[in-house]
Structures are given as structure tokens and as C-alpha cells.
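Here is a short report on a protein model. Please look over the sequence and the structure before reading on.

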Amino acid sequence: MTTTTTLGIVGARGHTGVELIRLLARHPGLELAFVSSRELDGECVRAQVPEFTGTLRYRNLDAAAVAAQGADAVILALPNGKSDEYVNAILAARPDTLIIDLSADHRFDEDWYYGLPELTRARYAGQRRISNPGCYATAMQLAIMPLKAQLAGPPVCFGVSGYSGAGTTPSDRNDPDKLRDNLMPYALADHLHERETVRQLGLPVEFMPHVAPHFRGISVTLNLWLQAPMQGAEIAALYRDYYADEPLVHVVEAAPWVSAIAGRHHVEIGGFTLAPGGRRVVLVATIDNLLKGAATQAVQNLNLALGFDELTAIPRS
């Protein structure tokens, strides 16, 4: 591509916003036109993100001011329930603006493309409104999908996340002192990402999330009952074949560790373990909630929509 696309980020102070700026700083076809943050208003972006070498400063922009920037694309990295004001203002000013929403506000909206590229890429048909999946939902869908047709009952998923997943607004779930030497269960039924996964896969899923004292990275242990017995090697081969052409999904032999996925841009799935009888398999998926669970996936979707190679600006390690 020969032209430069202008891009703005709203909600740039948060953990995901920082990761987005790091990734976009290396993108050859995008120009970061503005970054909006109320708390960092006036500060140089490079003071927060040294990888960004420009002179851009954070600005405190309301919805009308964001729309007035006229950027070709806008990424909304806002808390749930905060995006519609911006979406409406942007589309009123420039209906063809590409909008990627990292919140859950439009994941259940048929008018928005649900962007989990490894599973939904074939459904992309030029949509200009893209809903980025949730971190847990991404891990669960990728871990379940290869065996979906063989399942005999609802997958049971036990999830543990680092506290960065709770955002920057202070709460019990991102308080290092309260989390120290602890594992904090929350939303043990009907979690948003459970509903999201159920909607996308079209089958019941049971999910129990927890927060641990580490900062970033998610581990999900999945218990799957099969309609007929299978061999462990057969299951591992099924996953390798399914994701053979997906550089950001790594199928591994041993159960992956969450410490090894921190700062990485892919998902790891492995540890395939069969119970006696061969009809119950347990496996583990790990993902960095700030990267493939959020910022990396947003860049994948951005690249897909703008016609770049999907992995442009995304490190392969």
C-alpha cells in the first residue's frame, strides 16, 4: 500500500492502550493521529511508551472532539458501557470510519463483525465496525473449536488471570496487596466471556474465572467430554492440523505455563491428557490478556480491514 492511514486511540492510558501504541509505533502504513486520555492530558506519548518516537501528546478528547479529528480509523479502548457515545459521534461525522471496539459493548450486535481472525476471518466482508473479542473468550474458543464436533457435553473451563485484566480503576481484583498469596474467584456463573463464547460457538460452556497475583497472562484449563473414545496423539494431531496455517496459535506437547506467554503475541494450547476410557480430555490454553487477548488481536483486525498483511507490526516471537 502506498498511502498512510491515520488512526486514533481513545482510552490510551490503560494497559491495553499502552500495548496498542507499542505495536502501532512499528507499523509502516499507519500514522497515529491522536491518543485520547483524560488522566494523561498534555503528556508526551513517548514518556509513557518509549518505543513511540514522535512528538505526539495525549489529549483529553470527548466524543465530539474525537469525531472532529477525521481519522481514517479509531480504536476504542474504553471500559464496557462507554463506547456508544463515541461510535455515534464518529459515524455521524464520517460514516466510513473504521472503528474497532475493544470493549464488550458490540460483541452481541449482529451489525458488528466479531473479529477473532483465526475463526471468523472468512466472515469478514469489508465491515467498518469491528468488535474485538474478550481475552478469556479468545482462549476458550480457540481451545474448544477443533473438538467442537466431537463433544458430548458442555466444556468446563477453569480460568486464572493476572490482575491487569481488571484494568487500571482500583478494585479488589487489581489490588496486589489483597491478591498476594491468594486466588480470588469472581463471576462464577454467567460471566460475560462465558456468554460470548456460548454465542460464538453455539453450544453451552461453563466458565469459572479467578484472579491471581501475577500481572499479566491467562491460563484456562478445559475439561471436555467426547462422544467416542480418542487417543491422545490423535487429539494433538487434530489441533496441529486445525491451526497449521495460523502463526499466532501454537499447539504444544506439555501443558503451557502462563509465565511463558507473558509478553508474547500468540496463544499456546497443549497438555492433552486423557482420562481412562478415552472419552474425557483435559487441556490447557494460555494467552497474554493484553496482547492476543486485546491489542495484538486489534492490530490483526485493523490490518485485515485495511488490506495489510494480517501480521504487519506484530512480532512473531
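**The model**

This is a predicted model.

**R216 and its partners**

Start at R216. It sits in the loop that links β10 (206–211) to β11 (218–225). Its side chain makes a polar contact with the side chain of E19 at 3.1 Å. It makes another with the side chain of D288 at 2.8 Å. Neighbours within four places in sequence aside, R216 also touches residues including G162, S164, V258 and N289.

N289 belongs to a loop too, the one between β14 (280–287) and α11. Is N289 buried or exposed? With a relative accessibility of 4%, N289 counts as buried, because the cut-off for buried is under 20%. The side chain of N289 makes a polar contact with the side chain of S164 at 3.0 Å. Beyond its neighbours within four places in sequence, N289 is in contact with C135, S164, G165, R216, G217, I218 and A294.

| Side chain | Partner side chain | Distance |
|---|---|---|
| R216 | E19 | 3.1 Å |
| R216 | D288 | 2.8 Å |
| N289 | S164 | 3.0 Å |

**Helix pair α1 and α11**

Two packed helices are described by the angle between their axes and the distance between the axes. Helix α1 covers residues 15–24, and helix α11 covers residues 291–306. They pack at an angle of about 45°, with axes 9 Å apart. The two helices are therefore oblique to each other. The crossing of α1 past α11 is right-handed.

Which residues of α1 and α11 meet? From α1 come T16, E19, L20, L23 and L24. From α11 come L291, A294, A295, T296, A298, V299 and L302. By class, this contact has 9 nonpolar, 2 polar and 1 charged residues. E19 takes part in this helix contact, and its side chain also makes the polar contact with R216.

**Helix pair α6 and α8**

The second pair joins helix α6 (residues 135–144) and helix α8 (residues 192–201). Their axes come within 9 Å and cross at roughly 40°. That makes α6 oblique to α8. This crossing is right-handed. On the α6 side, the contact uses C135, Y136, A137, M140, Q141 and I144. On the α8 side, it uses H193, E194, E196, T197, Q200 and L201. The contact divides into 6 nonpolar, 4 polar and 2 charged residues.

Why is α6 described as largely enclosed by the rest of the structure? The reason is that 10 of the 10 residues of α6 are buried. Among them are T138, A139, L142 and A143.

A187 is not a glycine, yet has a positive phi of about 40°. It lies in the loop between β9 (184–185) and α8. A187 counts as partly exposed, with 38% relative accessibility.

D190 is not a glycine either, and has a positive phi of about 65°. D190 is also placed in the loop between β9 and α8. Its relative accessibility is 46%, so D190 counts as partly exposed.

**Two valines in loops**

V49 lies in the loop between α2 (45–48) and β3 (58–59). V49 is buried, with a relative accessible area of 0%. Leaving out neighbours within four places in sequence, V49 is in contact with V18, I21, R22 and Y58. V49 and E19 are 30 residues apart in sequence, and their C-alpha atoms are 8.6 Å apart in space.

V252 is in the loop between β12 (249–251) and α10 (258–261). V252 is partly exposed, with a relative accessible area of 21%. V252 and S37 are 215 residues apart in sequence and 39 Å apart in space, C-alpha to C-alpha.

Key
Residues are numbered from 1 along each chain as its sequence is written. This is a predicted model: local features need pLDDT of at least 70, side-chain atom pairs count only at pLDDT 80 or more; totals for chains, interfaces and linings use all residues. Side-chain values use heavy atoms; hydrogens and water are left out. Helices (H or I, at least four residues) and strands (E, at least two) are DSSP runs, numbered from the N terminus. A polar contact is a pair of N or O atoms within 3.5 Å; within protein, one must be able to donate a hydrogen and the other to accept it, and residues adjacent in sequence count only if both atoms are side-chain atoms. Contact means heavy atoms within 4.5 Å. Buried means under 20% relative accessible area, exposed over 50%, partly exposed in between (1.4 Å probe, protein chains only). Axes are lines fitted to C-alpha atoms, for helices over the stretch in contact, and angles run from 0 to 180 degrees between N-to-C directions. Angles under 35 degrees count as roughly parallel, over 145 as roughly antiparallel, 65 to 115 as roughly perpendicular and the rest as oblique. A crossing is left-handed if the near helix is turned anticlockwise from the far one by less than a right angle, and right-handed if clockwise. Ala, Val, Leu, Ile, Met, Phe, Trp, Tyr, Cys and Pro count as nonpolar, Asp, Glu, Lys and Arg as charged, and the others, Gly among them, as polar.
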